[in-house]
Amino acid sequence: MDTDSLYAPYIDEEYAAFSSRLTKNHDLPYRGVRVPVLRKLAKELETFPYTITCHEDVLLKGFWITSRKIPFREKRELIAEHLSLLQTWDEVDTLASSIKPRKAELAETYDCFFSLLSEERTMPRRLGIVTLMSLRKLYPEKREELLEAITAADNDEYYISMAVAWALSFFYVDNPDDTRPWLEKVSEATAGRAWQKIRDSRRIPC
């Protein structure tokens, strides 16, 4: 089953063209359905009977997984299966922003995404970095461990370097003095991107 009828009222071809230019490393076509619509549609699905044929299908399935009212151990299995579909930074980042762990599942959630920091594949590793960046304040006792693991995850791959830079900029805003030494442990390119993000935040003087 495809999503043609599901998306029909929401397709915007100009938005599809714009979005595809922002995410250049994709193999699937874009339909031009906006993220808030996809989040809403995902919450209305009991099952996911669709074949993945376009970019929005990947987003929709990610939102469907994260919105399900099931134990995280079951959700974790679905996320693991979903990793192979991730091609673009927005498929990763919108999924990461949708992870809302229950208090009783914080440890399992942490372990799930921490394990992705050593993934060889670019987008799964980025998912680990961005999710833990987003959830970092839920794990104050893990700050040092996270900084060590995230800086160790840095490599020459652009989307990894940008994710590490983004994470370091957030940690820096939280605590500049504590984070500054970690900026010396990543590549020159990643450090430069992190400092640029810190400056762009306009919250912290450099």
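Helix 3 and helix 4 cross in a right-handed manner; a crossing is right-handed if the near helix is turned clockwise from the far one by less than a right angle, and left-handed if anticlockwise. The model is predicted: local features need pLDDT of at least 70, side-chain atom pairs count only at pLDDT 80 or more, and totals for chains, interfaces and linings use all residues. Residues are numbered from 1 along each chain as its sequence is written, and side-chain values use heavy atoms, with hydrogens and water left out.

Helix 3 (residues 35-43) packs against helix 4 (residues 55-67) at about 50°, with the axes 8 Å apart. Helix 3 is therefore oblique to helix 4. Axes are lines fitted to C-alpha atoms, for helices over the stretch in contact, and angles run from 0 to 180 degrees between N-to-C directions. Angles under 35 degrees count as roughly parallel, over 145 as roughly antiparallel, 65 to 115 as roughly perpendicular and the rest as oblique. Helices are DSSP runs (H or I, at least four residues), numbered from the N terminus. In helix 3, the residues that meet helix 4 include Val 35, Leu 38 and Leu 41. Their counterparts in helix 4 include Leu 59, Phe 63 and Trp 64. Trp 64 also forms one aromatic cluster with Phe 48 and Tyr 50.

Helix 5 (residues 72-82) and helix 7 have axes that come within 10 Å and cross at roughly 15°. The two helices are therefore roughly parallel. This crossing, too, is right-handed. Helix 5 makes the contact (heavy atoms within 4.5 Å) through Phe 72, Arg 73, Arg 76 and Ile 79. Helix 7 contributes Glu 108, Thr 109, Asp 111, Cys 112 and Phe 113.

The whole structure holds 8 aromatic pairs. Rings of Phe, Tyr and Trp (its six-membered ring) pair if their centres lie within 6.5 Å; planes under 30 degrees apart count as stacked, over 60 as edge-to-face and the rest as tilted. Tyr 110 and Phe 114 are stacked, at 5.4 Å centre to centre and 20° between the planes. Both lie in helix 7 (residues 106-114), 4 residues apart, about one turn of the helix. Tyr 110 is buried at 4% relative accessible area, whereas Phe 114 is partly exposed at 27%. Buried means under 20%, exposed over 50% and partly exposed in between (1.4 Å probe, protein chains only).

Tyr 172 and Trp 195 pair edge-to-face, at 5.2 Å centre to centre and 75° between the planes. Tyr 172 lies in helix 10 (residues 158-174) and Trp 195 in helix 12 (residues 188-201), so the pair ties together parts 23 residues apart in sequence. Tyr 172 is buried, at 0%.
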